[in-house]
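I opened this notebook to record what I looked up, strand by strand and then residue by residue.

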Amino acid sequence: GAEVVGRVSDAAGAPVPRATVELEALGLTQANREATTDEAGAFAVQGLPRGDYRVSATAAGYLDSESKQLTVDDEAFHLQGVDHQFPGNEIDETRGV
């Protein structure tokens, strides 16, 4: 299967560790995949079958990142640089925003 690797950062470009990256399969025969970023904000998802995916990231204390769409069109596909940046400032958890 294919592999997708990338990095999640905040609006200032700093890495966001422990963010959840979801690849949502847009076809009926595909399976959704999830990964968690490491301390450098990096993630890797392996074993992806061909198809279209919506990629998004979430992390505690941050607004959700904007979804991106990608197409895996080859079983040997290796895509680097699927980067996500959280918009604006961190959520103020003390106010419950």
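This is a predicted model: local features need pLDDT of at least 70, side-chain atom pairs count only at pLDDT 80 or more; totals for chains, interfaces and linings use all residues.

Entry one, the open sheet. I looked up the strand order and found four strands forming an open sheet, S3-S2-S5-S6, with antiparallel pairing. I note that strand S3 (33-36) and S6 are the edge strands, each pairing on one side only, and that the twist averages 25° from one strand to the next. Strands here are DSSP runs of E of at least two residues, numbered from the N terminus, and two strands pair if DSSP finds at least two bridges between them.

Residues are numbered from 1 along each chain as its sequence is written, and side-chain values use heavy atoms, with hydrogens and water left out.

Entry two, the pairings within that sheet. I found four bridges joining S2 to S3 in the antiparallel sense, with Ala35 in S3 as the bridge partner of Val21. S2 also pairs with S5, antiparallel, over six bridges, and there Leu23 stands opposite Val55. S5 in turn pairs with S6 over five antiparallel bridges, where Gly51 stands opposite Val72.

Which residues of S2 make up its covered face, and which its uncovered one? I read Val21, Leu23 and Ala25 on the covered face, and Thr20, Glu22 and Glu24 on the uncovered one.

Six bridges join S1 to strand S4 (residues 42-48), and the two run antiparallel. S1 is mostly covered, since seven of its eight residues are buried, meaning under 20% relative accessible area, whereas exposed means over 50% and partly exposed lies in between (1.4 Å probe, protein chains only).

Within strand S1 (residues 2-9) I looked at Glu3, whose bridge partner in S4 is Gln46. Glu3 is buried yet has no salt bridge, and the nearest side chain of opposite charge, Arg33, is 11 Å away. A salt bridge requires a side-chain nitrogen of Lys or Arg within 4 Å of a carboxyl oxygen of Asp or Glu; for charge, Lys and Arg count as positive and Asp and Glu as negative, with His and the chain ends not counted. The side chain of Glu3 does make a polar contact with the side chain of Gln46 at 3.0 Å; such a contact is a pair of N or O atoms within 3.5 Å, where within protein one must be able to donate a hydrogen and the other to accept it, and residues adjacent in sequence count only if both atoms are side-chain atoms.

Tyr53 is buried, with a relative accessible area of 0%, and a polar atom of its side chain lies 2.8 Å from the backbone oxygen of Pro49.

Arg18 sits in the loop between S1 and strand S2 (20-25) and is exposed, at 56% relative accessible area. Arg18 has a positive phi of about 60° although it is not a glycine. Most residues other than glycine have a negative phi.

Ala59, in the loop between strand S5 (51-58) and strand S6 (68-72), is buried at 13%. Its C-alpha atom is separated by 4.5 Å from that of Ala19, 40 residues apart along the chain.

How values were computed. Axes are lines fitted to C-alpha atoms, for helices over the stretch in contact, and angles run from 0 to 180 degrees between N-to-C directions.
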